[in-house]
Structure formats: structure tokens, C-alpha cells
Amino acid sequence: GGEGTPPGRAGAGGRAPPAPFARGACPMAPKKQTPPPPEPADATSQLGEEDERPLPWVYGVNDHIDTPKELPSEFQPTGVIAADFRRLCKVFGASPHPAFKERPGREKRMISRRPSLLSQHGPDDEAKESPVLSIRSILLDSMTMNLFSLLLPHATRLKVLCFSDCRLDSEMLGLLRDGLQGDCSVEALQIEWNPFELPLQALPAEGGVEDRRTSLASGRAPSEGAGGAEPSGAAAADALCPVEDLEHRERLRYLAQSHRHLRCFREHVEARFGGQLESAWGRLMGASVDADALMNAGDFHDMLEARLGISGPQVAEVFEVLDGPDYAAGQGRISLRELQAALESLPEAPEDPDRNDPIGLALAAFMDADSNLESLSLRACSIGRLELGPISAALQNCPWQLRCLNLWDNRVCDRGAALLGAALMPYRGLEYLGLGKNRLTQAGMSSVVKPFQIEVFGEARYQEIMDEKAQQEGGGKADPKGKAKAKPKAKPEARRDSQGTARRASMAKSGRCKREATKTEEEIEEVPGDPPTYILRRPCELRTLTLSENPISGAEVVEALQPHGPRGAELVLRGTPAAAQLIAKRPELAVKVLRPPAGLAGPLPGSNLGSAPSGDGWVLRVA
């Protein structure tokens, strides 16, 4: 063996056993010394450290703070929203919302992003913040939205704002709109899955119990007058409530919102049955249906879907209203008879609701001339005819900065489409209009496409148009020889680039490209012949009009409308009955688009449109 191996033990396997352990030969490592306790700080310093740490954010934690109107003079924003928001919260002593926390690892991801051609900042500056701020499925309070609104005009990196299922109300919409101005860099706003509710009504300082009872029954403020039948329990709940009480104002708001839901549902039912509510009752309450039988929410939904073909969130809203304090008082079960009584006893609607709707006015503010938005998406926000009144009025004022408007998955009906069509006649600056998954029928489609259609007519119609123009200019009838002034047929002008010099008015400090108004005057082209034919074109910027998943039927109507559309624009009709009919008629459309026919197309049945010239028309997408 080797050195230190006992005799007689070295032969087995050639390995020597380990030497016996000798105590003290390998001393143990010293025990870790416990550090001495820190010096106790005085109570004043401990209190100061605790005060510097903000409280965790919960809804209502900032309600005690007065709402600021402007940034403090000593506060200098850096343009990075997340960092500026937390600093501003510290200034006002507010708890920062978790949606604005700084997320680790973002700089590394953003370095690889290609910088914008319109930006005057380098890649290092752009790496400080993502261009997209997405807030999803979380409540926001007024203080958070107020501070965010103060910082938005100074944002230099933010391009897209997305609020999804955040329950924004009219007040928060106003605060958000106040920030989207000046040198704000935000170009696109997305508000999704956010049904809006009416704001609290402003009540007068005077008024008796009877006046309050009447206002409660009608869903209007006491100064607007009486009307309608009073729901059961309404007066008893509020007879002792003072006018100034916030609870009373909330009670009025709840009743007005309930009446709003019922009116919208009644209009939807009437539209499906040709304006006759009696026809709907005949379908719903057949011989085998007990109209007085109580049903829970699931049975109520199944009944309306099977009998009327109506389903979705609006049915749940109606059930909650009928099961609320004004009707069934929370029993959890209602009958068809109660539904009929509620819809037939609704009070009269306020005067001119299409123009004065408070929710519509809050949304229309994002489309005025001072807004910086180029794209506005209001997807699944329960927008219907009432909200479209102010929105259409704002579009009529031609907000040329707005390029895209998405109203997908809302409640736009044919009456709402008529309002949009009237607004798009003076303003044809939209490049994208999304109306998919709404309630448009064949009539609604015709109203929306009308502002973009070309019109082919003869001598008589031409003279009528010239007379109308002469009257608008303050003169009398136009000279019959004025037809010689019509433009001869010529090669169509190439469409200007969306980022070309024709649309550049000024460059903001943030590097934004402002859009200027384009030519919208109607053009009349003369086609020589005996007699001559005239073509009226309305210049537009439209690229895509989406009407997918609407109850639009009639393949022959779509085929007749196609050749009269604007040159090169797409009309998307996926998921509609008309699309299914076109695919059944022409199976090749399942894999390719339907382009306008070459040569002159036939006139549109039932209208004064003549044959469309070659090259014009919609590009149809049905699959």
C-alpha cells in the first residue's frame, strides 16, 4: 500500500481505505457572526419613510384628493407616460394606477422596432416607451384619468391607446378628449367592449315631491316636464329623498338608463317586424305559450331567440331592467306579459334625441376639428341610433384628420345608417369605415354606399343639377348652354398618396403629419353621344367599406350596386346572406374577389342611375 496504510489491507482491489478521522485535524469553519442591530431611528424619520410609499391602488383610494386642472409649474414632463405618471402621482399624493407601471424588458424589445419615417427622434429615444398603451379588463377612476389627461398633450412616443372592458363613463371620455390635443403624439384610439351609461342628471335646486315623482316616471329631469306612466314603487322609493341628494340623482339616472334600454329594444323589435309591434306579440305569444308564466334569465333568452330571432347582450339588459326596482323588484323571474306592458307603456322620448344624446356628444368630441386622432375604433360599445346622431353631426363638419372609423359589433340599424349616409355626403375623407356585425339590412347598405356611388344621367337631370348649383350661388336658372362647360371624358387623376405633399399642412413638434382637406366638389363628366350622357362623380378617399355579418340579403341588389361604386374601393360582405347567395351562384367567388365588369354595366333597378362606365365600381369580397 501507500504511506499510512495498515499492514495486510493494501492488496484488495489495489485501493487503500481512508485514513481514520483525527479530531482537530480539520477544524470547522467559524460560525457566521450575526450583524449588530441597526440603530433605532426616531419616530419622526420612520413616519416620513412610510409617507413616501404610496398606498396600493384600489377603486376609490384617490377620491379624497381635489382634482387638478393643470400641471404644477415646477413639474417638467419628459414625454414618457409611465414615468411621468408616477412622478405626478407623487406630487399630488395619489396612489398610482397599476396600468401605468413601468414594465421591465420593454427597452430591449423596442430597440428592434423600426423607427417611424415621420419621427424626428432617434432609436434611443423611441426605446424608452412602447408606442402602444393597452389597458384591459380593469377599472379606472376619475383621478387616474384626470392625471393621464394632463400628461397626454406632452406625450411624444405614444401612438395607440386601447381601453378594453374598462367601464369608461362620459366624464372619463371628456377627460380623455381634453388630453388629445396640442402636440399629443397619439394617432389611434380604441375603446372596446365598453357599453356606456347615461351620466348623472343635473337636478334643479327647487321642486316638490310631485315634481320628482313625475321626473322619475318619465326618466327626465323635473324641468323637462311630465309624461308617461309611473312604474310601481318609484314614488315610494323617492318621496322622502331631497332633490340635492346624490342618491336621488342616481335613482333618476338608473330609471332613464332603463327606459333607454327598453326604447332601443322596442325599436329593434319593430324593425324586424315591419314597424308593427302587434306582429311581434302574435309571434311571441302563440296559442301554446302562457304569457303569464314566470321565466328566469335563461328561459327568457331562449324564448326570445326561438320566437323572435333576437339574442345577445341586449336581451340580458332587458331582463335586468324588468327584474329591477321599477318592475319585478328583484324576483329573478319575469313573464312575457310584463315585457309587453313595459314596452307599450314607455314615456315619450326627449325632444330631438338624435342631436342631444349625452353619450353621443361625448363620443362625437373625438371627431371634431381640433382632435389629433386619425383612427377611432368603438368596437362592441352598444352604439345605436341615439349615439349616431351627434356622431353624424360631427362628421358633417368634415374632420379631415380622421381617416378610419370602426363601429364593428354595435347596434347600428337602418335608421342609424341613414344618419351616417347623410353625414358622409359632405365628408368623404374616410379611408376605412367598419360597420360589420350590426343590424344593417339591404336598405341600410344602400344608405351607406350612396355618398360614394357615381350617377349616370341624361340631359334633363343634368339641367336640374345645374339649376340647383345656380340657386346655391345666388343666381337664377342656369344657362341651357352650360352643358358645354361639363368636363370632357379624360383619363382619371391618380389618387394622391396618403402621406404625400397634397395632405401635408404642417409638422407638429412631435413629428406628426397633419392632413389637409382634399377636393370634394362633385365632378360632372360628359360622354359624347346623341344625346350626350353625363357622369357625376363624388371624389372620395374611401379604400374599404366593411359590412360583414349583417342581415343583408339580395344578391341581385349587390350586383346592381357594384358597378356604380368608387374606383378601386373594396366592399366587404363576408358572412351576409347576400354573400352566401353570390357564392352559390358563382362558386369561384369563394377564393377570389369580384371585380367590376368591363364595359358599360346596366342601370340600377328602381333608381335614376344609368349604365356605369368601365373601370368604376366596387371590388366585392364575399369570402
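Q: Is E187 buried, partly exposed or exposed in this predicted model?
A: Buried needs under 20% relative accessible area, and exposed needs over 50%. E187 has 26% relative accessibility, so E187 counts as partly exposed.

Q: Which side chain does E187 meet in a salt bridge?
A: Side chains of opposite charge can pair when their charged atoms come close. The N to O distance for this pair is 3.8 Å, and the partner of E187 is K159.

Q: How many residues apart in sequence are the parts that E187 and K159 tie together?
A: E187 lies in the loop between α6 (170-179) and β3 (188-192). K159 lies in the loop between α5 (142-151) and β2 (160-164). The pair therefore ties together parts separated in sequence by 28 residues.

Q: Is K159 buried or exposed?
A: The cut-off for buried is under 20% relative accessible area. K159 has 16%, so K159 is buried.

Q: What is the N to O distance in the salt bridge of E197 and R253?
A: A salt bridge needs the nitrogen within 4 Å of the carboxyl oxygen. The side chains of E197 and R253 meet at 3.3 Å.

Q: How many salt bridges does the count come to?
A: The rule asks for a Lys or Arg side-chain nitrogen within 4 Å of an Asp or Glu carboxyl oxygen. By this rule the number of salt bridges is 25.

Definitions and conventions. Residues are numbered from 1 along each chain as its sequence is written. This is a predicted model: local features need pLDDT of at least 70, side-chain atom pairs count only at pLDDT 80 or more; totals for chains, interfaces and linings use all residues. Side-chain values use heavy atoms; hydrogens and water are left out. Helices (H or I, at least four residues) and strands (E, at least two) are DSSP runs, numbered from the N terminus. Buried means under 20% relative accessible area, exposed over 50%, partly exposed in between (1.4 Å probe, protein chains only).
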